Amino acid sequence: MEECNCCHKTKQRSEAEYKLLINRLNRIEGQIRGIKGMVENDAYCTDIITQVAAATAALNSFNRELLSTHIKTCVADDIKAGKNETVDDLLSTLQKLMK
């Protein structure tokens, strides 16, 4: 079965980048499970809020790492190849992050 690349873009990541991203996501997933456990165990509201803030910061850090790599690789390569529409895509992505 052939893979259709017309509907979505993909990116080949190095082993190091892949491991870094997956490790960060695994930690975030653990934080979310911990927050769920706190709710299930009737933890105090401000304790939960503190953990949610930590998970939010971890997600923001993940986004910064991914965005940095995206700009250094995908965006830079596309601009060098004359695909200037990638800048519009980047701007759209940045607007989503700033909501």
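Lys and Arg count here as positive and Asp and Glu as negative, while His and the chain ends are not counted. The place of a charge is taken as NZ of Lys, CZ of Arg, CG of Asp or CD of Glu. On that basis the chain carries 14 positive and 14 negative side chains, and the centres of the two sets are 4 Å apart. The model is predicted: local features need pLDDT of at least 70 and side-chain atom pairs pLDDT 80 or more, whereas totals for chains, interfaces and linings use all residues. Residues are numbered from 1 along each chain as its sequence is written, and side-chain values use heavy atoms, without hydrogens and water.

**Fold**
- The chain has 3 helices and 0 strands (DSSP runs: H or I of at least four residues for helices, E of at least two for strands).
- The order of elements from the N terminus is α-α-α.

**Dimensions and contacts**
- The C-alpha trace spans about 55 × 35 × 25 Å along its principal axes.
- Of the contacts (heavy atoms within 4.5 Å) between residues at least 6 apart in sequence, 52% join residues at least 24 apart.

**Burial and cysteines**
- Of the 99 residues, 16% are buried (under 20% relative accessible area; exposed is over 50%, partly exposed in between, with a 1.4 Å probe and protein chains only).
- Cys45 is exposed at 55% relative accessible area, and Cys74 is partly exposed at 21%.
- The structure holds 0 disulfides (pairs of cysteine sulfur atoms within 2.5 Å).
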